[in-house]
Amino acid sequence: MNIQEYKGKAAGYLRLPLYMIIVFAAATIPLFLYSEKAGFVSILIVIAYALIAFSLYKLGVKRLADEMMILATDYNSMQKHFLERFQMPYIVMDLEGHILWQNDLFTMLMGDSEMVYSKPVSDYFPEITREWLLKSEETDFSLRIKKNDRIYYGMFERVTMGKDQSLITLLLFDVTEDEKIRQENIDQRLCCALLYIDNYEETMETVEAVKQSLLTAVIDRKITRYFQEADAIIRKIEKDKYFIIFQNKYLKKLQDNKFSILEDMKQTKMGNGGELTISIGIGLNGGSYQKNAEFARSAIDIALARGGSQAVVKDSGNLSYFGVRAREVEKNTRVKARVKAEAIREIISTKDQIIVMGHQISDVDAVGAGLGVFCAARQLGKECHIVLNTVTTSLHPIVDMFTVENGYPEDMFIKSEEAKERLTDNTLVVVVDTNRPSYTECPELLSNNRNVVVIDHHRQGDERMENPVLSYIEPYSSSASEMIAEILQYISDEIKLAPREADSIYAGILIDTNNFLAKTGVRTFEAAAYLKRKGADVVRVRKLLRENMDAYKARAEIVRNATVYKNAFAISVCPAGGLESPTIVGAQASNELLNIVGIKASFVLTDFDGRIYVSSRSIDEIDVQNIMERLGGGGHLNVAGAQIVGATVTEVIERIENIIDDMIAENLIKL
C-alpha cells in the first residue's frame, strides 16, 4: 500500500463526523412535531456542529497530508541511507545490464570514486552480458563471480515496476573465505593408490641373480622418489605391489605430467632384456577411506584389463586414463590361463545349461570362441547354445558345417528371443569377444541373470559387465579364439575337437590377426599349433574364409574412394547396399588402407541397421583405441571400433577429424 492509499484511508476516518450531520438533522424532525421552538433550537445546534465539524475536517486533512509527506520523505531518506550504507554490494540495473543505481560499498569495491550512471555491468563483470541477462527468464537466479582475487555469489532478482517496466537487482555475497575453506577440504581428501609391476616375474627371469636385488632397489628408489613429491606414504605390500596414499591436492600435478613414472620405469635397465612396465590405480571421492580403497582396487583391475603400462584414476563414477599409448604387455606364462580354465570348469559343472553370445553382428572370432565354449560344455556333459541373430556371409560357411546331419543339436545356434525363453536361475551366460553389455547379441540376458562369465581380448572401457562371477580379459591376446584355445587345453586332458571345430577356432585367430600379421605373440602361435594338433587344416580354413565377388569389389571401392586427412589418416565409407555383411567388409577395407605408403591410421564408416559402425586400424604409431574411446567405442592400440547411434556419416567423420585435431594439440599424436 503506497502513501496515497494511506492518505485516502485516513481521510475517510476524518469524514465520519460529517456523516453524523445527516443523522442529527434527521433527529430534529420529530422535535418539530413536539415543539417548533425545540425544533428550531435543534436546527441551530446541528448547523453549529456542521460548521465546526467541517472546519476541523479541512484542518485535519491538511495536517494529515503534511504529516504523511514528512513521513514519506523520512522513510525514503532512511531507506536510501540504509541501502547506501548496506554492508553488501548492491546495484539496480535495467534489463539490458545498465546500472541505474549502486550503493557506496559497490562503488568502493569496484574502485570508482563515484557512480557512473548507465554504465554496463559487463564492464565490471564480463560474464554478466546483456545476452545472458535476457536469456534468463526466472525471477530469481544466481551466478558465481570473480573480481579482484575475490569470489562473490551474485543473487539476481527481477522486479516488476509496472506493466511494461522491469528492473534487475544484484546483491553480492563475498564467499572467498568459504571457497578457500572448501578448497582446503577438497585438497586434503585422501587418495588411495595401488601400483603393480606388470611383468615382474618375466623381467627377473632375464636378469642375472646377482643383479636382481640391485634392480629391485632401483625400482623402489624410482617409485619412492616420484611419489615423495606428492608427500605420499608408500608401503610395499608384495614384491611387485605397492600401496600409496597422498592428499588430493597433489593429484593434479601427477595428472599434468601424465604420470611420467610410467615412461621413466620403461627406461630402467639393469641387465633386463625387455621394458619394465607398471600399472597404477587411484581412487578418490568415495565418501570414505574404505570406499576410496575399493575405487583404487577397481581402477588397478581396469588398468590391468586394458593391457597394463598405464594409470587409471577413478573419481567416484568417473574414469580417467593415462599412458594409454603403451602397447599391451605380452606375458609368456600361461599360469593365469590355467587358473581361469579351472575356474570356468568348476562354474560350468554346477550349471544346468550354458548360453554363449558374442557381440552384435558376430564375426568369425566371436563364433569361433563360442564354438570353443560349446566344446568345453560338451566335454563336461552340459547343454550349450550359441546366440547368433545374424548369420553374415563370412559366417555361413562355418555355421553350415554344424548341422544335425553332422551330429550337432538342432538348437545349437539360437536367436535372442529363444535365449531369453530358455534362461533360468541356474543358467550360465558366457560372453565372448566383447566386455560391453550394450554390444552383446542380447543384453537382456545379462540384466536378468547373475551367472555371467566374460572372456575377451579387448581393452576394458568405462562400460563393463556388472559383477560377473568370472572375468577373463587379456588385451595382449590376439583374439578371443586364442584365449579359448588356451582354456580348452586345461579344461580336460581328454577333450576332443572335431576337425571342423578346430578349423573354426583357428579361423577366428586368423581373422583377428590379419593372417598372423597383427598383434601376434608367442602364445598366439602356440594356440595355433594346439589347434593344428587337434585337426585344424590351413587349406580348409582358407576356403572357409573366401569371400564373394561383391564383397571384394566393395572393399576395392572403399579403398579407391578414401580421403586422406592430415596426410596420415585414411577415412572412407563402406556402402551397405547389396552387401550381406557390410561391417565385415568395412573392417577388411580398414586393414587394406594401411598398405598405402604414408597412412598411419585408417577409419572406415558403415551406416548399417540404424547405426554408424566405425572400424579403425593402425600399424604402430597411432593409438586408435584412444581415438575410438573418445568416440564412445574402444578396442586395442592398433585395432579398435565404435558404434554411434543418432548421427550421420558426415557428422561422425567430422567428429573423428576433431578428435584427431584435439589429440595433436594435446601432443598425444605426433605427425
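Is cysteine 191 buried or exposed? Cysteine 191 is buried, at 1% relative accessible area. The notes below concern a predicted model.

1. **Cysteines.** The disulfide count is zero. The cysteine sulfur closest to that of cysteine 191 belongs to cysteine 192, and it is 7.8 Å away, too far for a bond. A disulfide here needs the two sulfurs within 2.5 Å. Cysteine 192 is buried too, with a relative accessibility of 3%.

2. **Salt bridges overall.** The structure holds 26 salt bridges. Side chains of opposite charge can pair when their charged atoms come close.

3. **Glutamate 592 and arginine 555.** These side chains form a salt bridge, 3.8 Å from N to O. The pair links helix H22 (residues 582-593), which holds glutamate 592, to helix H21 (residues 549-560), which holds arginine 555. The partners are 37 residues apart. Arginine 555 is buried at 8%, whereas glutamate 592 is partly exposed at 35%.

4. **Lysine 566 and aspartate 661.** Their closest N and O atoms are 3.6 Å apart, in a salt bridge. Lysine 566 sits in the loop between strands S18 (563-565) and S19 (569-574), and aspartate 661 in helix H24 (residues 649-665), 95 residues apart. Lysine 566 is partly exposed at 39%; aspartate 661 is partly exposed at 26%.

5. **Arginine 630 and glutamate 666.** This salt bridge spans 2.8 Å, N to O. Arginine 630 is in helix H23 (residues 624-630) and glutamate 666 in the segment after H24, so the pair ties together parts 36 residues apart in sequence. Arginine 630 is partly exposed at 35%, and glutamate 666 is partly exposed at 40%.

6. **Network.** Salt bridges link Glu383, Asp411, Glu418 and Arg422 in a network.

How values were computed. Residues are numbered from 1 along each chain as its sequence is written. This is a predicted model: local features need pLDDT of at least 70, side-chain atom pairs count only at pLDDT 80 or more; totals for chains, interfaces and linings use all residues. Side-chain values use heavy atoms; hydrogens and water are left out. Buried means under 20% relative accessible area, exposed over 50%, partly exposed in between (1.4 Å probe, protein chains only). A salt bridge is a side-chain nitrogen of Lys or Arg within 4 Å of a carboxyl oxygen of Asp or Glu. Helices (H or I, at least four residues) and strands (E, at least two) are DSSP runs, numbered from the N terminus.
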